[in-house]
Amino acid sequence: MRVLFTTLLLSQSRTAFSAPCTTESTVGSCCTEMTGTWATCLSNCNSKGKDLACPSDLNDSNDIIAECGFGWIGPNDINTENTFQCATEVAPYTHWADQEPNDANGNEDCAKNGNANTDGFWNDENCDGTNACICKDKPEPPETFSGCSKQGSGTWDQCKANCEADCATCTTEGTGNWEDCMQKCNDKDLILACPSDSMHNTAISNECGQGWIGVNDRLNEGDYMCNGEAVSFTPWWTNEPSGANEDCVETYAANTYNGRWNDVPCSSERNCICAPAPGDAGSCFHASGAATLESGASKKMSELSLGDVVQ
């Protein structure tokens with residue numbers, strides 16, 4: 001039975017590899033878009049209006065192998081070890097091989113949907129490895145209930161103020177090097193964004209994508225500051241910060257490295273991500289990062305997963 005299953009999947013997948021993704025690819029079917037690292041594959045899929053495939057159940061997982069073969073799929077635990085996500089949502093289904101995921105050498109955070117010897121069971125692998133890119137249509141966003149929302153915590157008066165607040169998470173103000181962007185933000189009476197915790201960072205990366213934030217160690221190597229204050233929250237990407245002449249920080253978009261940070265030479269050009277300082281009037285976040293968001297004031301905030309907790 002094992003040989004028959006594997007042979008069937010491989011024979012069906014050979015044809016699929018000859019049909020790369022297009023924006024008109026059949027809805028509900030997977031497609032392959034070249035090869036690359038997990039992040040490259042995510043970008044390749046996004047360029048076709050798709051995501052890395054995120055199997056919803058065993059039948060879906062097997063159908064993806066039958067149609068598109070073996071390669072990178074969406075589930076990853078880049079943000080939190082052993083919490084596998086697709087895009088910004090918890091993966092709805094996993095199909096791990098025996099003793100997987102094992103995070104070998106502490107550096108396997110991305111899922112591959114097996115190989116010819118695993119009967120369709122998955123393995124976690126180093127995200128920098130090269131595999132086929134298996135793409136599928138982005139899921140429809142879930143319907144949201146707009147009748148009420150949780151707006152932080154506090155006394156009755158504080159909660160009333162939170163509910164009435166007309167606040168903003170972030171805005172992009174063109175492009176430039178780090179100093180250019182700082183000036184562009186200042187010209188709008190804003191600062192380069194200072195994400196204060198995981199929820200705040202997720203909101204910024206969801207809403208404003210990749211670009212400069214205010215975090216930097218220009219004064220003292222390794223001592224990161226933002227808007228004149230020491231930084232305690234630092235969600236670095238793997239092997240970052242890498243130092244040498246890279247004293248300013250960018251955040252990645254939520255769908256690329258899940259909003260993690262990277263240090264970059266300050267002279268590089270990036271999008272300018274501006275925001276009110278946490279705690280300032282007009283900010284959706286207190287200094288601790290707790291949301292003060294008015295219902296509907298920030299479209300992207302309604303898309304945060306249930307796992308994001310207001311602190």
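Modeller: The structure, a predicted model, holds 10 disulfides.

Biologist: What makes C54 and C86 a disulfide?

Modeller: A pair of cysteine sulfur atoms counts as a disulfide within 2.5 Å. The sulfur atoms of C54 and C86 are 2.0 Å apart, so the pair meets the cut-off. The link is right-handed, with 90° about the S-S bond.

Biologist: Why is C54 called partly exposed, and why is C86 called buried?

Modeller: Buried means under 20% relative accessible area, exposed over 50%, and partly exposed in between. C54 has 24% relative accessibility and therefore counts as partly exposed. C86 has 10%, so C86 counts as buried.

Biologist: Why is the disulfide of C110 and C127 called right-handed?

Modeller: The torsion about its S-S bond is about 95°, so the disulfide is right-handed. This pair links distant parts of the chain, 17 residues apart: C110 is in strand β6, and C127 is in the loop between β7 (123–125) and β8 (131–137). Both C110 and C127 are buried.

Biologist: How do you know that C248 and C266 are joined?

Modeller: Their S to S distance is 2.0 Å, and the cut-off for a disulfide is 2.5 Å, so the pair counts as one. The torsion about the S-S bond is about 90°, so this disulfide is right-handed. C248 lies in strand β14 and C266 in the loop between β15 (261–264) and β16, so the pair ties together parts 18 residues apart in sequence. C248 and C266 are both buried.

Biologist: Which residues of helix α5 are buried?

Modeller: In α5, residues 178–187, they are W178, C181 and C185. They cover an arc of only 65° around the axis, which puts them on the same side of α5.

Biologist: Why do residues three or four places apart in an α-helix point the same way?

Modeller: An α-helix has 3.6 residues a turn, so residues at that spacing point the same way.

Biologist: What covers the buried residues of α5?

Modeller: The cover includes β9, β10, β11, β14 and β16. One of these, strand β14, holds C248.

Biologist: What makes N177 a cap of α5?

Modeller: A side-chain oxygen of N177 lies 3.1 Å from the backbone nitrogen of E179, at the N-terminal end of α5. Just after α5, D189 takes a positive phi of about 60°.

Technical notes:
Residues numbered from 1 in each chain as written. Predicted model: local features only at pLDDT ≥ 70, side-chain atom pairs only at ≥ 80, totals over all residues. Heavy atoms only, no water. Buried < 20%, exposed > 50% of the residue type's maximum accessible area, 1.4 Å probe, protein only. Helix = DSSP H or I, 4+ residues; strand = E, 2+ residues; numbered from the N terminus. Arc of directions from axis to C-beta. Contact = heavy atoms within 4.5 Å. Polar contact = N/O pair within 3.5 Å; in protein donor to acceptor, adjacent residues only side chain to side chain.
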